[in-house]
Amino acid sequence: MFSVKALDTRSRELIEKKINLKTKPLGALGELETLAKQLVTIFSQGIEPEQLSAFRPQISKPTLTVFAGDHGIAAKGVSIAPSEVTGQMVANFASGGAAINVFSKQLGWQLEIVDCGILGEPDQALGVISQRLGSVTRSFDECEALTQAQEAQGFEFAKKLVHKQYQQGCNTFAFGEMGIGNTSAASAIFSALSGLSAEYTVGLGTGVSNEVVDKKVELINTALNLHRDKLNDPYAILRCLGGFEICQMVGAMLAVAELQQVIIVDGFIATAAALLAIRIEPNSQSYMAFAHCSSEQAHLQMLNSINAKPLLDLGLRLGEGTGAALSLPLLQSALAFYNDMNSFDDANVTKVV
C-alpha cells in the first residue's frame, strides 16, 4: 500500500552552509542544528537548490493523533489496570481532561482521537473518530493478534486519515496511543525484530509489580515461540504480536513518509510502530524525528538499534503522545533560528572560526 521515496538531499550542503554562517560558533546550537537540517531537508522536497535561499520553512497545522485499541493479552494480568480503562481514557481525551489535552492546547497541536477497536464503542457525541477493526485483539500467546483483513483495513483507515489531515494543511504529524496491555505488545514486537528475549525488552509499563513483569515475560516468550516461523516478516510480526492501534500507527507513519512530511515519534509503543514502518519501508526513517526517550526499560535499546537520538529525556512513561507534544517548541525553535537568525555578513560581525 505504500511506496516511500528517499529524501532528495541535493540541497543538504546549502542548508548546512546557511546554518554554519549564522552568528555563532560552528555547532554551537548542538542538536537544534541537526534538527533544523532534517526539517528543512524534508520541507524543501520539490524545491530546486537555486530556490533555497528564498525558502522559509514553517510548521503548518501540527496534528497529533491518539490511536486507541484494546488487547486480548490484557485479560491475562499484564497491566496495572483492566481493559475498561482504555475506553474511560478515550472519553477523558474526548472531553479534554487528559495530559495530552493540556499539552496540545498549550502548545498548539490539533488533537484527534481515533477508536481503532476498544471494548466499548464510544458515544458518538464525544466526537471520537471511528476506525474500528474489532473490539479487542486476540491474545497473542494463543494465536495471531490480528487477521490479515484487519491489518489491511487498519492501513487503509490510517492512510485515509493522514491524507485528510494533509489536505487540511498539516505538514507535521505526531502519533500517540492508548491501550491497556500495549507495552506488552511493544515489547513482543521489539523482541521479534531484535532477537532479544522478553527478559531484555519488558519493563514496568505503567508501574506494575515484579510479579506482573514476570508474567509479561512468560507470555511474550510463549508468543515468540508460537509464532517463531513467521517473525522474519514485519507484516507478520504486526499481525502476530501487535494491536489495532499499533497497526494504524504503522500505517499512518508510512502514509506520512509517502507524502514526504514530518513524523514525530513518541515513546515506547510509538517507537515499536516506527521500527515496523522502517522495516517495511526503510526510507521512512528519514522523515522521523524521535521526540523523547521514555523510562521504559527497552526504549533506549530501540532507539539505539536505528541510531536515533531523542530530542528530550524527561523520564516520561505516560504515552498518549505526551512526549511528542512537548517536542513542538524544539521543532519551532530549529526553524526559527534557520529562518531569522542573522549571518555574520548580515550582522557585520567578524566570523567565528
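This is a predicted model: local features need pLDDT of at least 70, side-chain atom pairs count only at pLDDT 80 or more; totals for chains, interfaces and linings use all residues.
Residues are numbered from 1 along each chain as its sequence is written.

**First stop: the aromatic cluster**

Select Phe2 and Phe155. Their ring centres are 5.8 Å apart and their planes stand at 75°, so this pair is edge-to-face. Phe2 belongs to the segment before helix H1 (12-20) and Phe155 to helix H5 (residues 148-167), so that the pair links distant parts of the chain, 153 residues apart; helices (H or I, at least four residues) and strands (E, at least two) are DSSP runs numbered from the N terminus. Both Phe2 and Phe155 are buried, where buried means under 20% relative accessible area, exposed over 50% and partly exposed in between (1.4 Å probe, protein chains only).

With Phe155 it forms another edge-to-face aromatic pair, at 6.2 Å centre to centre and 65° between the planes. Because Phe155 lies in helix H5 and Tyr235 in helix H9 (residues 234-241), this pair ties together parts that are 80 residues apart in sequence. Phe155 has a relative accessible area of 4% and is buried, whereas Tyr235, at 31% relative accessibility, is partly exposed. Phe2, Phe155 and Tyr235 form one aromatic cluster.

**Second stop: the ring of Tyr338**

Select Tyr338 with Lys18 and Lys22. The charged end of Lys18 sits over the Tyr338 ring, 4.4 Å from its centre; the criterion is NZ of Lys or CZ of Arg within 6 Å of the ring centre and within 35 degrees of the ring normal. Lys22 also lies over the face of Tyr338, at 5.9 Å from the ring centre.

Select Phe175, Leu241, Val250 and Met253. Among the 112 residues of the largest nonpolar core, these four touch the most other members; such a core is a set of buried Ala, Val, Leu, Ile, Met, Phe, Trp, Tyr and Cys residues joined through side-chain atoms within 4.5 Å. Beyond its neighbours within four places in sequence, Phe175 is in contact (heavy atoms within 4.5 Å) with residues including Phe67, Val162, Met253 and Gly321.

Select Gln260, in the loop between helix H10 (244-258) and strand E5 (262-265). Gln260 is not a glycine, yet its phi is positive, about 60°. Its relative accessible area is 17%, so Gln260 is buried.

Move to Glu320, in the loop between helix H12 (299-305) and helix H13 (322-326). Glu320 is likewise a residue other than glycine with a positive phi, near 70°. At 4% relative accessibility, Glu320 is buried. Residues up to four places away in sequence aside, Glu320 touches residues including Leu64, Met89, Phe93 and Glu177. Finally, display the side chain of Glu320, which reaches the backbone nitrogen of Ile100 at 3.3 Å.

Conventions. Side-chain values use heavy atoms; hydrogens and water are left out. Rings of Phe, Tyr and Trp (its six-membered ring) pair if their centres lie within 6.5 Å; planes under 30 degrees apart count as stacked, over 60 as edge-to-face and the rest as tilted. A polar contact is a pair of N or O atoms within 3.5 Å; within protein, one must be able to donate a hydrogen and the other to accept it, and residues adjacent in sequence count only if both atoms are side-chain atoms.
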